[in-house]
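Biologist: I am new to this structure and would like to know what stands behind the words used for it. Please take me through them one at a time.

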Amino acid sequence: MLKLNEELCIGCGVCEDSCPFAAIEMIDALPVIGESCNLCGACVDNCEVEALSIKLAAISEQADLTDWQGVMVYCEFRRGALAPVSLELLGIGRKLADTKGLQVAAVLIGGGTGDVAKQLIGHGADVVFRVDHEDLTFFSEESYSAILTDLIKENKPEIVLAGATAIGRSFVPAVAITLNAGLTADCTALELRQEDGALLQTRPAFGGNIMATIVCPSHRPQMATVRPKVMKALDFDDTRIGEIVDVEILSKWLDTKIEVVESVVSEETNVNIQESDILISGGRGLESEKGFELISQLADVMDGNVSASRAVVDAGWIPYPHQVGQTGKTVAPKLYIACGISGAVQHVAGMQSSEMIVAINRDQNAPIFDVADYGLVGDINEILPKLIRKIEQKRGE
Ligand SMILES: Cc1cc2nc3c(=O)[nH]c(=O)nc-3n(C[C@H](O)[C@H](O)[C@H](O)COP(=O)(O)OP(=O)(O)OC[C@H]3O[C@@H](n4cnc5c(N)ncnc54)[C@H](O)[C@@H]3O)c2cc1C
């Protein structure tokens, strides 16, 4: 907080003039700090008599970090199915835990989860905390937060992972706040630091121009959300042995202010480009919404789906669920064909893990060619119709 030493203050008003956020007002020759103060420090630097200072709250340190052991993975279950990112998280969770010889615990919350817990064991969990109740069928921020928070408090995992999905992004920050822990959102890489085993959490920062690695040295648990399709799931192994713990449901978990009346899947979100093997992606080079007709035709003949860059989503040519990239979805199809997409870092961040990338662009210096396995330099309006015809011919043979 910003502190004033009234004995040193001479009431000159320099602090009021130097505040870029108009957060200081001189009243009776003394500065009064308003709510818009964001502790930028401009007033402190400009105060010649050093009457102002900033005192930051002490970073919380836990006495014994070794009380916290193992990895806990929140495994998202919605609409009767496990979100694929859950298995990817178990894969990386297993790898991290094995480095230290520790356990991986999976948390499964929902209604009618059936034999999903067994699946989680086959994919790497040592123990599954199953919280199954019909009132948990629909996602509820309050209930899910309370359950995950209590399970973390009770089991003390040193690392907690969740998917950076709409659900994960919605309630995991609340869990972190309740536990007084930090949370690194949208990680693209996770590893353990050799010297002390701290979790190195890497994520894009500053608009994707740099990768930042974040460490949480003095507090547990270390919490991270991870984007779908970034980590690899382990193959199912039916010989793996694990324990399923049916957690006793506490009434306080179900006592929420929210009543879900109905849950409807919007047509737009029905498109799941993350689960497609073939994506035909269109960018501003299509020149208009009409350009997507060619993209859709190619997707149809190849049994693929249509995706897009942010430029065309922002232009309203195609809805947001199709967007690939840092602020869209991360995809890793077997084949990604980028048509009229320049290859900005924020786009590439979302598709560079594709098995094969083909780029079509009339600018031979477009950065998309740096990540492409095959490149075609030319006009999409000429290339795409020929490609569609060729594939149709081949399919007809
Ligand atoms: C914080 C932040 C987050 C962002 N997140 C995302 C994101 O998630 N996803 C994303 O995609 N972008 C994102 N962006 C935007 C990104 O920086 C680019 O602006 C965007 O990806 C450009 O889209 P584009 O490649 O379609 O368009 P452009 O960069 O305009 O490229 C169009 C390309 O089409 C080619 N072309 C033109 N006409 C033809 C033709 N007839 N035939 C063949 N080629 C042709 C041109 O040579 C050019 O290379 C983000 C930006 C910021 C700042």
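Modeller: Start with the classes of residue: Ala, Val, Leu, Ile, Met, Phe, Trp, Tyr, Cys and Pro count as nonpolar, Asp, Glu, Lys and Arg as charged, and the others, Gly among them, as polar. By that scheme the shell around the ligand divides into eight nonpolar, 16 polar and five charged residues. Bear in mind that this is a predicted model.

Biologist: What makes a residue one of those that surround the ligand, and how many are there?

Modeller: The cut-off is a C-beta atom, placed from the backbone, within 6 Å of the molecule. On that basis 29 residues surround the ligand, and the closest are Gly283, Gly285, Arg310, Gly325 and Ser342.

Biologist: Which elements each supply at least two residues of this shell?

Modeller: Helix H9 (310-314), helix H10 (345-348), strand S20 (356-361) and helix H12 (380-396) do. The largest share comes from H9, with three residues.

Biologist: Strand S20 sits in a sheet, I take it from the picture. What is the order of the strands in that sheet?

Modeller: The order is S18-S17-S19-S20-S21, an open sheet of five strands with parallel pairing. Its edge strands are strand S18 (305-308) and S21, each of which pairs on one side only. On average, neighbouring strands of this sheet are turned by 20 degrees against each other, direction ignored.

Biologist: How do you know that S20 pairs with strand S19 (residues 335-339) and with strand S21 (residues 374-377)?

Modeller: Two strands pair if DSSP finds at least two bridges between them. S19 and S20 have five bridges, in the parallel sense, and S20 and S21 have four, also parallel. Ala359 in S20 stands opposite Ala338, and the bridge partner of Ala359 in S21 is Gly375. Further along, Asn361 stands opposite Val377 in S21.

Biologist: Which sheet has antiparallel pairing, and which are its edge strands?

Modeller: An open sheet of three strands, in the order S12-S13-S14, has antiparallel pairing. Strand S12 (189-192) and strand S14 (210-214) are the edge strands, as each pairs on one side only. From one strand to the next, the twist averages 25 degrees. Strand S13 (residues 199-205) pairs with S14 over five bridges, and Arg203 has Ala212 in S14 as its bridge partner.

Biologist: What makes S2 and S3 a hairpin, and how many residues are between them?

Modeller: Strand S2 (residues 24-27) and strand S3 (residues 30-33) run antiparallel and are joined by four bridges. The hairpin has two residues between its strands, and Asp28 in the turn has a positive phi of about 50 degrees. Glu25 stands opposite Val32 in S3.

Biologist: Why is Cys187 called buried?

Modeller: A residue is buried if 20 or more other C-beta atoms lie within 10 Å of its own. Cys187 has 23 such neighbours, so it counts as buried. Cys187 lies in strand S11 (residues 184-187). Not counting residues up to four places away in sequence, Cys187 touches Gln201, Thr202, Arg203, Ala224, Thr225 and Val226.

Biologist: What share of the chain counts as buried?

Modeller: Of the 397 residues, 39% count as buried.

Biologist: How many residues are in the largest nonpolar core, and what makes a set of residues a core?

Modeller: The members must be buried residues of the listed nonpolar types, joined through C-beta atoms within 7 Å. The largest core has 56 residues, and those that touch the most other members are Val73, Ala106, Val107, Leu108 and Leu120. Helix H3 (residues 84-100) gives the largest share of this core, seven residues. A second, separate core of 33 residues includes Leu279, Val312, Ile318 and Ile380.

Biologist: What is Val73 in contact with, leaving aside its neighbours within four places in sequence?

Modeller: Val73 is in contact with Leu89, Leu90, Gly93, Val104, Ala106, Val107 and Leu161.

Biologist: And the chain as a whole: how many helices and strands does it have?

Modeller: The chain has 12 helices and 21 strands. Its C-alpha atoms fill a box of roughly 90 × 55 × 50 Å, taken along the principal axes. Among contacts between residues at least 6 apart in sequence, 64% join residues at least 24 apart.

Key. Residues are numbered from 1 along each chain as its sequence is written. This is a predicted model: local features need pLDDT of at least 70, side-chain atom pairs count only at pLDDT 80 or more; totals for chains, interfaces and linings use all residues. A residue is buried if 20 or more other C-beta atoms lie within 10 Å of its own, exposed if 12 or fewer, and partly exposed in between; C-beta atoms are placed from the backbone. Two residues are in contact if their C-beta atoms, placed from the backbone, lie within 7 Å. Axes are lines fitted to C-alpha atoms, for helices over the stretch in contact, and angles run from 0 to 180 degrees between N-to-C directions.
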